Amino acid sequence: MELEKKVYNGYAFTEGEREKSKINRDLYNELKGRYKVYRGDTTWNPEVDTEQFDVVIGRKAGYAHAEYNIIKNGPNLSNDELLLLCDSGSLCFGGRQLSGNRMRVSED
């Protein structure tokens, strides 16, 4: 079975999950190669010169999830692309936009 090259959001325990994982990782690597991305792992509002980056993301850890603050989205990436950057190329347990520039990604 050949799968479409797109972001797979929440693919854990589904048919073709290994291939979906590989596709997500490849798309993540493409995004990281194309854009300069800063993801602050422990800071909601990282102190970084946003002019030096195309995408700037802050993070706040929660129980079995993390919330992300999309501070800058210069290339106007889709929500799924942003979620993929937030979750470092995985998204196996899924994610969604909470409101405006806030995202939530489920983690194990």
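Analyst: Two strands are said to pair if DSSP finds at least two bridges between them. The model is predicted.

Start with the sheet as a whole. Five strands form an open sheet, and their order across it is S1-S2-S3-S5-S4, with mixed pairing. S1 and S4 are the edge strands, since each of these pairs on one side only. Averaged over the sheet and ignoring direction, neighbouring strands are turned by 25° against each other.

Now take S3, residues 65–73. Strand S2, residues 55–62, runs antiparallel to S3, and eight bridges join the two. Along this pairing, Gly58 has Asn69 of S3 as its bridge partner, and Gly62 stands opposite His65. S2 and S3 form a hairpin with two residues between the strands, where Ala64 takes a positive phi near 60°. In general, most residues other than glycine have a negative phi. S3 is also joined to S5, residues 102–106, by five bridges, and this pair is antiparallel too.

Apart from neighbours within four places in sequence, Tyr68 is in contact with Arg39, Trp44, Ile57, Gly58, Arg59, Cys86, Asn101, Arg102, Met103, Val105 and Glu107. Tyr68 is also among the residues with the most contacts inside the largest nonpolar core, together with Val55, Ile57, Leu84 and Leu85; that core has 25 residues. At least two residues of the core come from each of H1, S2, S3, H2 and S5. H2 gives the most, with five residues.

What packs on the sheet? Helix H2 does, touching S1, S2, S3, S4 and S5, and its direction makes about 60° with that of S5. Within H2, the residues Leu82, Leu83, Leu84, Leu85 and Cys86 are buried. The buried residues of H2 pack against H1 as well as against S1, S2, S3, S4 and S5.

The contact of H2 with H1 can be followed in more detail. H1 covers residues 17–34 and H2 residues 79–86; their axes are 10 Å apart and the packing angle is about 90°. Because angles from 65 to 115 degrees count as roughly perpendicular, H1 is roughly perpendicular to H2. H1 brings Asn24, Leu27, Tyr28, Leu31 and Lys32 to the contact, and H2 brings Glu81, Leu84 and Leu85. By type, the residues of this contact are five nonpolar, one polar and two charged.

Leu91, in the loop between H2 and S4, has a positive phi of about 65° although it is not a glycine. Phe13, in the segment before H1, has a phi near 65°. Are Leu91 and Phe13 buried or exposed? Leu91 has 0% relative accessibility and so counts as buried, whereas Phe13, with a relative accessible area of 74%, is exposed.

Methods. Residues are numbered from 1 along each chain as its sequence is written. This is a predicted model: local features need pLDDT of at least 70, side-chain atom pairs count only at pLDDT 80 or more; totals for chains, interfaces and linings use all residues. Side-chain values use heavy atoms; hydrogens and water are left out. Helices (H or I, at least four residues) and strands (E, at least two) are DSSP runs, numbered from the N terminus. Axes are lines fitted to C-alpha atoms, for helices over the stretch in contact, and angles run from 0 to 180 degrees between N-to-C directions. Angles under 35 degrees count as roughly parallel, over 145 as roughly antiparallel, 65 to 115 as roughly perpendicular and the rest as oblique. Contact means heavy atoms within 4.5 Å. Ala, Val, Leu, Ile, Met, Phe, Trp, Tyr, Cys and Pro count as nonpolar, Asp, Glu, Lys and Arg as charged, and the others, Gly among them, as polar. A nonpolar core is a set of buried Ala, Val, Leu, Ile, Met, Phe, Trp, Tyr and Cys residues joined through side-chain atoms within 4.5 Å. Buried means under 20% relative accessible area, exposed over 50%, partly exposed in between (1.4 Å probe, protein chains only).
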